[in-house]
Amino acid sequence: MSGRNGGVVITSSGDMKPKGLIDAISEIEQFYTTEQSGSEIPERFFTTKNKIEFFEVGFKGAFISGLITALLLPWAIGVFEKKVPVFGVLGGSWFDQIFAMMLAFSFTIGYAVFIASIGRYYEGAFTKSMVRCLLSGVVIGAVFKMVIAFLFFHFLYFVILTEDRLSSALLHLQERVAFETLDGVYRWVLAFKPVFLTSAWLVVLTTLIFITIPMVTVIMKSLYNRNRGGF
């Protein structure tokens with residue numbers, strides 16, 4: 001069956017099984033090109049199996065990248081607040097502090113911008129379905145990571161790192177470690193502990209930014225298509 005410009009109708013998408021985000025975006029690019037050339041691809045050919053696979057890729061990518069950022073955030077904030085040494089110096093220069101914050105945030109922002117590239121392909125029924133499934137996985141994965149990190153940081157602050165629990169744990173080491181060392185650790189942990197609450201709320205902020213960037217590109221593409229009478 002011919003498309004609008006003589007293209008061939010694609011009747012199966014069963015062989016699509018992206019192993020990662022790059023594979024998924026590559027698949028989207030290919031089918032976008034096919035639809036742009038005039039070939040007709042009914043949306044129903046993007047099967048339930050395909051939708052689950054694209055959702056899974058988006059979910060895993062957002063969840064894992066979010067965990068990396070969540071683990072780096074407390075240390076970056078600790079450096080910024082001069083509670084953690086950077087390059088062997090406590091309370092380093094403004095460059096050291098900015099570097100630490102960039103290390104924590106750059107991965108998430110860069111990953112979000114990379115995912116946002118799929119917004120340009122939000123055109124054509126089949127390709128739109130692919131983009132929606134991948135992006136929905138990204139959003140759910142990011143939110144799931146946010147909830148886990150938020151609860152974990154609060155659990156550390158309010159349950160694990162209480163004065164009683166901390167002193168009890170350190171007292172078990174008093175026969176092997178000098179009291180002055182244990183006292184220094186105790187004071188440092190208590191001083192560092194508020195960083196976890198700050199990190200919890202920054203995780204929420206970075207997650208919202210992470211979700212917003214690709215969503216905005218898709219919305220802008222959708223509005224552009226509507227204004228020019230596209231599909």
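## Largest pocket

Helix α2 (residues 48-80) supplies the largest share of the lining of the largest pocket, namely 5 residues. In this predicted model, the volume of that pocket is about 180 Å³. Its lining consists of K17, P18, K19, G20, L21, E53, E56, V57, K60 and G61. By class, the lining of the largest pocket comprises 5 charged, 3 nonpolar and 2 polar residues.

## Overall architecture

The secondary structure of the protein amounts to 7 helices and 0 strands. Read from the N terminus, the order of elements is therefore written α-α-α-α-α-α-α. The protein has 231 residues, of which 43% are buried. Among contacts between residues at least 6 apart in sequence, 82% link residues at least 24 apart.

## Nonpolar cores

The largest nonpolar core contains 29 residues, and the members that touch the most others are I28, F54, I115, I118, L134 and F210. Two or more residues of this core come from each of α1 (21-36), α2, α3 (94-116), α4 (125-160) and α7 (194-227). Helix α4 provides the largest share of this core, with 8 residues.

One of the residues in this core is L134. Setting aside neighbours within four places in sequence, L134 contacts L21, A24, I25, I28, F54, V57, G58 and I118. Two of these partners, L21 and V57, also line the largest pocket. A further core lies apart from the largest one; it has 27 residues, including V84, L161, V189 and A200.

How many cavities of 30 Å³ or more does the model contain? The count is 1. The largest cavity has a volume of about 50 Å³, and its lining is formed by A62, S65, G66, T69, T108, A142, K145, T206, T207 and F210. Helices α2, α4 and α7 each give two or more residues to this lining, and α2 gives the most, with 4 residues.

The lining of the largest cavity divides by class into 6 polar, 3 nonpolar and 1 charged residues. F210 belongs to this lining and is also among the residues of the largest nonpolar core that touch the most other members.

## Residue T127

T127 is situated in helix α4. Is this residue buried or exposed? T127 has a relative accessible area of 0%, which is under the 20% limit, and it is therefore classed as buried.

The side chain of T127 forms a polar contact with the side chain of E35, at 2.4 Å. When residues up to four places away in sequence are not counted, T127 touches I28, F31, Y32, E35 and Y121. Of these, I28 is also listed among the members of the largest nonpolar core with the most contacts to other members.

## Residue M101

M101 is located in helix α3. Its relative accessible area is 18%; because the limit for burial is under 20%, M101 counts as buried.

Which residues does M101 contact, leaving aside its neighbours within four places in sequence? The partners are A76, I77 and F80.

Terms used
Residues are numbered from 1 along each chain as its sequence is written. This is a predicted model: local features need pLDDT of at least 70, side-chain atom pairs count only at pLDDT 80 or more; totals for chains, interfaces and linings use all residues. Side-chain values use heavy atoms; hydrogens and water are left out. On a 1 Å grid over the protein atoms alone, a cavity is a set of points where a 1.4 Å probe fits but cannot get out, and a pocket is an open set with protein on both sides within 12 Å along at least five of seven lines; lining residues have an atom within 4 Å of a point. Grid points are joined across faces, edges and corners, and a volume is the space filled by probe spheres set on the points. Ala, Val, Leu, Ile, Met, Phe, Trp, Tyr, Cys and Pro count as nonpolar, Asp, Glu, Lys and Arg as charged, and the others, Gly among them, as polar. A nonpolar core is a set of buried Ala, Val, Leu, Ile, Met, Phe, Trp, Tyr and Cys residues joined through side-chain atoms within 4.5 Å. Buried means under 20% relative accessible area, exposed over 50%, partly exposed in between (1.4 Å probe, protein chains only). Contact means heavy atoms within 4.5 Å. A polar contact is a pair of N or O atoms within 3.5 Å; within protein, one must be able to donate a hydrogen and the other to accept it, and residues adjacent in sequence count only if both atoms are side-chain atoms.
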